[in-house]
Amino acid sequence: MKGRPKHVLLVEDNDDNAFVYLALLEFSGYLVTRARDGFEAVDLARKVSPDLIVMDIALPKLDGWEATAAIRQNPQLQAVPVIAVTAHAFDADMQRGLALGFQAYLPKPVEPRRVLAEVERLIGPAAISAA
Ligand code: MN
């Protein structure tokens with residue numbers, strides 16, 4: 001594992017949001033794979049085995065809840081941290097998110113720095129320092 005950059009699966013259908021998060025995460029040294037809908041999220045999660053997933057909730061095909069539930073069915077991905085990002089920041093959603101095992105819940109609009117801060121809090125900085 002040493003020397004391998006940490007891999008983030010970014011699930012976001014909106015190109016403008018995705019561009020900002022992707023640029024910031026890559027600039028910070030993370031390897032980022034982007035999925036544009038819920039099916040792609042499930043498929044890419046299985047293929048790349050990410051260290052963490054940033055999951056938009058409003059998505060085409062499968063929404064973020066359904067995609068996360070499907071990803072969690074894979075034994076290899078049961079413990080992967082998932083940060084939910086959603087405009088629907090109701091209490092009921094939070095409860096649902098906690099039940100699904102989201103590690104963080106960021107209501108939209110999200111400051112990109114907050115996404116980065118949560119990623120770093122959950123899996124640490126992108127690269128293992130030489131010190
Ligand atoms: Mn969306």
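**Briefing: a parallel sheet, its cores and a manganese site**

Strands β1 and β3 pair in the parallel sense over 4 bridges; two strands count as paired if DSSP finds at least two bridges between them. Helices (H or I, at least four residues) and strands (E, at least two) are DSSP runs, numbered from the N terminus. The model is predicted, so local features need pLDDT of at least 70 and side-chain atom pairs count only at pLDDT 80 or more, while totals for chains, interfaces and linings use all residues. Residues are numbered from 1 along each chain as its sequence is written, and side-chain values use heavy atoms, with hydrogens and water left out.

**Sheet architecture**

- An open sheet is formed by 5 strands in the order β2-β1-β3-β4-β5, with parallel pairing.
- The edges are held by β2 (31-35) and β5 (104-107), each with a single partner strand, so one side of each lacks a neighbour in the sheet.
- From one strand to the next, the twist averages 15°; axes are lines fitted to C-alpha atoms, for helices over the stretch in contact, and angles run from 0 to 180 degrees between N-to-C directions.

**Strand β3**

- Buried means under 20% relative accessible area, exposed over 50%, and partly exposed in between (1.4 Å probe, protein chains only).
- L52, V54 and D56 lie on one side of β3, I53 and M55 on the other, and both faces are covered.

**Helices on the sheet**

- A right-handed β-α-β unit is made by β3, α3 and β4; right-handed means that, with the strands pointing away from the viewer, the path from the first strand over the helix to the second runs clockwise.
- Helix α3 lies across β3, β4 and β5 and runs at about 155° to β3.
- Helix α5 (residues 112-123) packs on the sheet and touches β1, β3, β4 and β5, its direction making about 180° with that of β5.

**Nonpolar cores**

- The largest nonpolar core has 21 residues, and those with the most contacts inside it are L9, V11, I53, M55, I71 and F102.
- Such a core is a set of buried Ala, Val, Leu, Ile, Met, Phe, Trp, Tyr and Cys residues joined through side-chain atoms within 4.5 Å.
- Two or more residues each come from β1 (7-11), α2 (38-48), β3 (52-56), α3 (64-72) and β4 (82-86), with α2 giving the largest share, 4 residues.
- Not counting residues up to four places away in sequence, I71 touches A41, V42, A45, I53, M55, L77 and V80 (contact means heavy atoms within 4.5 Å).
- Another core, of 19 residues, lies apart from this one and includes A18, L25, L52 and I123.

**Manganese site**

- D13 (OD), D56 (OD) and A58 (O) coordinate the manganese ion at 2.0 to 2.2 Å.
- Donors are N, O and S atoms within 2.8 Å of the metal (3.2 Å for Na, K and Ca); water is not among the atoms, so sites may look incomplete.
- Along the chain, the donors follow the spacing D-x42-D-x1-A.
- D13, in the loop between β1 and α1 (15-27), and D56, in strand β3, are 43 residues apart and link distant parts of the chain.
- D13 is partly exposed, with a relative accessible area of 31%, whereas D56 counts as buried at 3% relative accessibility.
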